[in-house]
Structure formats: C-alpha cells, structure tokens
There are 2 protein chains.
Amino acid sequence: MRPLNIAILGCGTVGGGVAKILTEQKELLSKRAGREINLKVIAELNPPAAISRFNLDKKYFAGGGDTVSREDASKNIQNILEAEDIDVVVETMGGKGNFVHDTCLGVLQHGKNLVTANKALLAERGADIFKEAEDKKLQLGYEAAVCGAIPIIKGIKECFTGDIINSVCGIFNGTSNYILTQMQNKGLDFSEALKLAQKEGYAEADPTLDINGGDASHKLILLIKLAFGMEVTMDQLSITGIQNITKNDMDFAREINSSIKLICMARRENNQIFAEVRPMAVKNDNTLSSVNYAVNAVRLDNKYSDTHFFIGKGAGSSETAMSIVSDIVFIARHGDVETYNEKNNLVLGDSKKIAFPYLVSFKTKNLPGTTGLIATEIGKQGINIETVSHNRFSGETADFSVETESCEFDKIEKAIAEIKKINNDLLLEDPKILPILY
Amino acid sequence: MRPLNIAILGCGTVGGGVAKILTEQKELLSKRAGREINLKVIAELNPPAAISRFNLDKKYFAGGGDTVSREDASKNIQNILEAEDIDVVVETMGGKGNFVHDTCLGVLQHGKNLVTANKALLAERGADIFKEAEDKKLQLGYEAAVCGAIPIIKGIKECFTGDIINSVCGIFNGTSNYILTQMQNKGLDFSEALKLAQKEGYAEADPTLDINGGDASHKLILLIKLAFGMEVTMDQLSITGIQNITKNDMDFAREINSSIKLICMARRENNQIFAEVRPMAVKNDNTLSSVNYAVNAVRLDNKYSDTHFFIGKGAGSSETAMSIVSDIVFIARHGDVETYNEKNNLVLGDSKKIAFPYLVSFKTKNLPGTTGLIATEIGKQGINIETVSHNRFSGETADFSVETESCEFDKIEKAIAEIKKINNDLLLEDPKILPILY
C-alpha cells in the first residue's frame, strides 16, 4: 500500500509535538498502520524556533527551514491543499478566524482528510466542516479537540457502538480544575490561585476562555453532537464559569464532604437534552471529586454498560499530539470506512428544570433568627433541608450554607425571592447556588 | 453491503445479554455498522430458560426453541461452524475444556470471525487461537474478556496507536474488590465479607478463581500480550490473592491513608517486563483507591500521553454483552482491516526486584523493646522507615506495622530473617508485606 503522506499546518506546541512523534516513531507507527506514515511537509511562519524546540530536521519545512512571510506561508498552505500526494492535513494553527476556518474547509474540499485539535473552530464554526467531511466521505479526526489525550471521540465512535449513551458529563477544562484544586488544597482565593496557575504555566496571560467555562463548553458541544446527534450553539447553552467561587464556597463544600468542580453535563431524557456548564459541589464518593489539578475526566452513563470514567491529561504538547497521531494511524488503517454520524431530532430542555440537591450559601446581616427565617422559606417551597452549615460570624455579617434535597432550580430562586420580600436588607449579596453531584 | 450474520454459542448470562441487545437495537446497530447486523442462530442446551429470561423469540434457537440433548447441541454447533452464511460466531459457553477450545479454534479454521468473553481460555490456551486468527486474517474480538464493559482492548488497539505503553495496572477483578471494599467500609473479616458477596450475587459458590488472583491474572496476561507483545503463562506470573487479608491489615492500611486493593501490574523497563498480581495498600490520592465494590479500573502510563484511567463495570450480563456487541459492530465496520499484533522480544523480570515502599505488619509477643529491635533490623538493611503504626496490644500479643520508604522486596525479607535469628520466638506469625502504591 502506498505511504500515507501528512502535512502539518502550524508547528507550535501541538503541531511540533505531532512532528516529533511522527519522526521519532515512524517505523512503529507505520507497522501499526499497515503502511508507511510519512511526514511530508510542515507549513510554519517561524521554522527556526520550531526546529530548535522540537529537534526537527529543516527538510520538513516548506521554504527550507527559514522564516517565511505571512504571504509566503499562505502560499505554502495553498500548495499543500492542492498537492496531489498529501492524504492528511493536520491543522494546528488554532484560532477560529476566517483564515483557519477556510483552510480547514479547503482541506476537505480538496479531497484530503483533516485532523485538528481546534475545539473553538469546530464547536462554533464547524457545521460546514463536518458537513463537507460527511459529503465527501472523508475523515475528520478531532480526538485532540476534546479533553486532549483522553480517547473519548474514538471511545464513543468505535468502542461503545453496542450501547446508547444517556448522559455525558465531566471535568473538561484543566486550567479551571487546577485553580479550583489549589483553592481547595491551599485555601487560596480565586485571584491568588489564578496567579499561581499562570506562574506554573497552567493558565494563559488572558485566561478568560478557561475560567468562564467557554473552553469547556466547546468540548461539551462537540460531545453532544457526537453522543446525541444534536447541534447546540454556545448561546443556547447555560454556561457559568468559576470566577465567582470564593474561599467560603470551598469551605462550605468541604463541610458537606465535597469539592467544587467545573462540571460539564448533558443528559438525554426522552427527546430532550438537558445541558449545562457550571461549578458544582461534587461529593467525595464520586470519582470526579478526586480528579485534581490539570487533569480532565469524562463520565458516561450508558443504557447497557452503566457508568464509565475516562481520566487523563487534557492538554500538553505531547499529550495532545498523541491524540492527533492516533487519529492519523486510525485514518491509515480505517480511512476508507465511512463515519457514522448520529443524528437525532432532539430539543434542548430548560436546564433550570434539572432536579439537583443544592448547596446554597448566604451572606447575611448578623441577626438572631436569620437561619430560621431562611430555612422556613426554603421549606415553604416544598424543599427538604439536608443540613445547615456552621455559621461563620465576622462582625456585622454572617456566612452559612444550606444543603437541600433534590429539587428544581426555580424553587430555590423562588425561596430567595420570598426571603428578600420579607426583609430586603437581610441578604448582603445574592446567595451562591451550587448543584450537588453525588 | 450484505448483512453480517451472527451465531451465538451458549445463551446464559452473557450470551443472552448479547442476543437481547442484538434484537432490541437491530436498527440502530445496523445504521452504526453501515450494514445489517443480523442475529441468525443461537445454539443452547436449554432454550426455554433463555427465552423466558431474556424475552427472546424461539425462532433464533437451533432446534426451534425446545431443550436439546448434548449430542444435538454439538451437532448444532458443528452446523454453525460449517454454515456458509455465518460471518461472526460469539462464544459465550465459558470454560477452558477441549470442547470450548476446539470450537473456538474451529470457528476460525472455518473462516469465521470469533468474538468471546472467555478470558480463561484465551489466557491459558489461547496461543493457537490467536495464531489462527492472525494467519487467516480474521478478527478475534475479546473486548469483553478483559474488564467487562471497559473498552481497554480497542482502547489500546485503536486509540493509543500514537503512543507507547510503559505500564498497565489496575483492579481487574470485581468480586475481590467488592470483598475488600466491604471489609474496609464495614470492618468485616474476610470470611464475613466473602459470605456477603455470595449473598449479594457478587461471588460464586466456588469463589476460588476470584479471590486467589487467578481471574485477574487471566486479564493481565491478555493485556501484557496486547500492550507489550509478550506471551506470559500463569505459572510464570507472581500471583497472590486476597484470602489472607485481615481486619488488622485493613486498619494498618487506613492508618497510612490507603486502602487495600488487589492490584494487577505490568511495567516495561528496557527489555524486561515486571509483572505481578497481589494486594497492595493504595494511597488515597491514587484514583485506584476510590474504585470500590464490583468496579474495575485500568491505569495506563504512556510515553507521550502520561497517565490514563478507565473505570467501569467489570462484569454483569448487559455490561459484558455490550462489549461483545461493540466488537460485532467493529467487525462489521472494520473487519477487512488486518489487526496489528505487537510482538517484542522481552523477558520477564524478577518481580522481587521492583522497588516499592512497603507496609509490613507484625504480630509479636507483647514485650518491651520489640518495636526498637524490628526497626533497627530494618534500618540495618539500608531501608528508611516512614512511620510506625499505633501498637494494638491484646494480652500476650502485639500488632503493629511499619511503613518503609522504597526498597527491593528481598531487603525486607532479609530484615525479617535477621529478626528471626535474634529471637526466633518473637514473631508469632510471618509478617504480612504489602507494597504501597502512590
């Protein structure tokens, strides 16, 4: 069988990792693939940096290894798209602008298979890319786009084909999990933990997309599409980040034997999907509570095979690159087999209607009778209280939390509205409401 | 494309589960497979029982659904092997006797793909079965043979093809894990916990193979073959079961923040594989320590993608059946692609040479100076002591344990020999030595 020729677009952290594995392990990969896996060309603006960082031969670089202008880099990419002997194009430029989008679409339009780690692009602007791959019967590998090294895409596509997935959930963002773990273990504030994460290389200078739930949402959107055959957009999804989690929240969670995690969740009930991204208090008995630092985890609940956890590194150069290389080997082995894309007629349910037990934290004036008033109003909504935390008094204010039994979110909202009606000055800020995950 | 026709041999717990999913989900499975998945025939001694247990149509059963003699059942199986229109044979009879072995081999000899959950057969007598599949370029699906519903076989074969596995370890036997969990949580003796496991349906009337590490070893042998390309036999493997774990051991483990688990482990170092099955004290920070009851877990440590955990149900009718059905869909989709079988020239290392920290528990005469004597002799072997437990005095005897830093097993053995030389009556039984897993 003739070699499978690979082109890489962008030789930074991930692309360079791919080039490194493809060259270091060429013989082994070719054996596994049943045909030669051949890195043919890399398009990169700054080859000298990539060459020294990943110890690569300059022969692989379009332009011979010297720095290239943006204009020439675009030409190199166009040449790759049009080259007759390229089978797979690896897009590791990142971003979701027109150039990257059009390049990815162009790869497929030119009859080549596409492998990418670009979750933002696929989740927000991927519809025509997925469609083009399907129409042209080409492979679109995106294992690396969802939870880095965890093989959840091929897991769902090739390993759970005998099952029906009822729910996908987990910890999909390593940066926010690193921050929450440091807050939990070291008693840090959010801002202190964020600074530490930046210092240690786990958060970028602009961490917005990691801490506001955006990055995690991209992955959830891709998993909803794969597992349930449903298209969801960012603005349809209920997304809450970790920016507002405080030391107090951490303490209240610990008091009910749980840790706060940024949880992505999508659950099928009849023809509805309930999906959301938000911080939850995860009980210590739940395996997700022990997933710490920059690690990712995916939990599946399946009709026939019950609960599964996949836990592994969600980011990193060689970790993400490994997933891309595995996609390449998969294409070499199985590239002729048409992908089956689940498509179902489902609607997005109101995420406020998912029943959860809740951890509700109050900051109130330090007045006798406050606990009773709040507990009474919660009870009036038909919500049972599991436990009330120790009160933290600090001069004029008091902090405490209530752990409820399972109820719908809007009942909690209603109880809070009633409390405000009775005494509008009692609550010093809006209560924090965290679902509790058993 | 023409239908993929399936025959099932044996319609008990697992085979019946397969028949149930194949009939319940025929349409969905066929869509995923890209061709019709067609359950053609079931060979079973007692169809009436299977029909009522799994709500199956009698039309599927060779002989029309009535009880058949052993002789007729054998004929039915022979007919299936010789049938021109059967593509995949599912063996769910169990056992490792000649009949089952020869039937499985015969399936392949007759040019049909084989799917089986039979770990004992494949691990102990599988060499010629694997070889026949390879020679004939047929598929041998055995996802269900290793940790039930966990997709670790396809995980290694198809998802980590861009990586190199350095170590495979985990909890591979649900029954022993259930027993250990009950001992840990309820403070039960081994025999009490075993009885509970039998009562709850987690242990068989003869639990030997589950508690002596035999069943776990079968799975480890299959994973060593797959991940490292090396053949290991049962008698080459160092195997210790959980029969001798006591309440005291559990308490000592708890005192150093760990739980006792039956751990299977195989690690590659240069051209050696170090492999063993034995109870270990797993530190609470290690995800494996939170894998409780009848759940299985596999941990991979990979060159490029670091650490992965796969956690899921290791047994159960629909769980195991799901893995078999997924193998069938995989064969339908990718049956024409030759399997790559890793083959490496590796040797089995001496498992006593793996360095571990150890938890060593002593039952001694209740005499002053005992702790000092024992700690001194351990120190003389160059082993650092991390901590010594609280002493449990009970009349004439004392129980205590020592947590060491990492050292080779034979140094611990040597220290114990020296202690016996100094005072042959001091130790009332041989100390229990458990590796500690961080």
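Author: In sorting the lining residues, Ala, Val, Leu, Ile, Met, Phe, Trp, Tyr, Cys and Pro are counted as nonpolar, Asp, Glu, Lys and Arg as charged, and the others, Gly among them, as polar. By that division, the lining of the second largest cavity comprises six nonpolar, four polar and five charged residues. The model is a predicted one, and two cavities of 30 Å³ or more are counted in it.

The second largest cavity has a volume of about 130 Å³. Its lining is made up of 15 residues, and those closest to the centre are B:Gln139, B:Lys154, B:Lys157, B:Asp327 and B:Phe330. Both chains contribute secondary structure here: helix H14 (317-334) of chain A, and strand E5 (140-141), H8 and helix H14 (317-334) of chain B, each supply at least two residues of this lining. The most comes from H8(B), which gives four residues.

The largest cavity holds about 200 Å³ of space. Its lining numbers 16 residues; nearest the centre lie A:Arg32, B:Ile156, B:Lys157, B:Tyr340 and B:Glu342. Helix H8 (152-159) and helix H12 (214-228) of chain B each provide at least two lining residues, and H8(B) again gives the most, with three. By class, the lining of the largest cavity has seven nonpolar, two polar and seven charged residues.

Over all chains, the structure contains 15 aromatic pairs. In one of them, the ring centres of B:Phe130 and B:Tyr142 are 5.3 Å apart and the planes stand at 90°, so the pair is edge-to-face. This pair links distant parts of the chain, with B:Phe130 in helix H7 (residues 127-135) of chain B and B:Tyr142, twelve residues away, in the loop between E5 and H8 of chain B. B:Phe130 counts as buried because its relative accessibility is 11%, and B:Tyr142 counts as buried at 4%.

Terms used. Residues numbered from 1 in each chain as written. Chains lettered and ligands numbered in written order. Predicted model: local features only at pLDDT ≥ 70, side-chain atom pairs only at ≥ 80, totals over all residues. Heavy atoms only, no water. 1 Å grid on protein atoms, 1.4 Å probe; cavity = no way out; pocket = protein on both sides within 12 Å on 5 of 7 lines; lining within 4 Å. Points joined across faces, edges and corners; volume = space filled by probe spheres on them. Phe/Tyr/Trp six-rings, centres within 6.5 Å; stacked < 30°, edge-to-face > 60°. Buried < 20%, exposed > 50% of the residue type's maximum accessible area, 1.4 Å probe, protein only.
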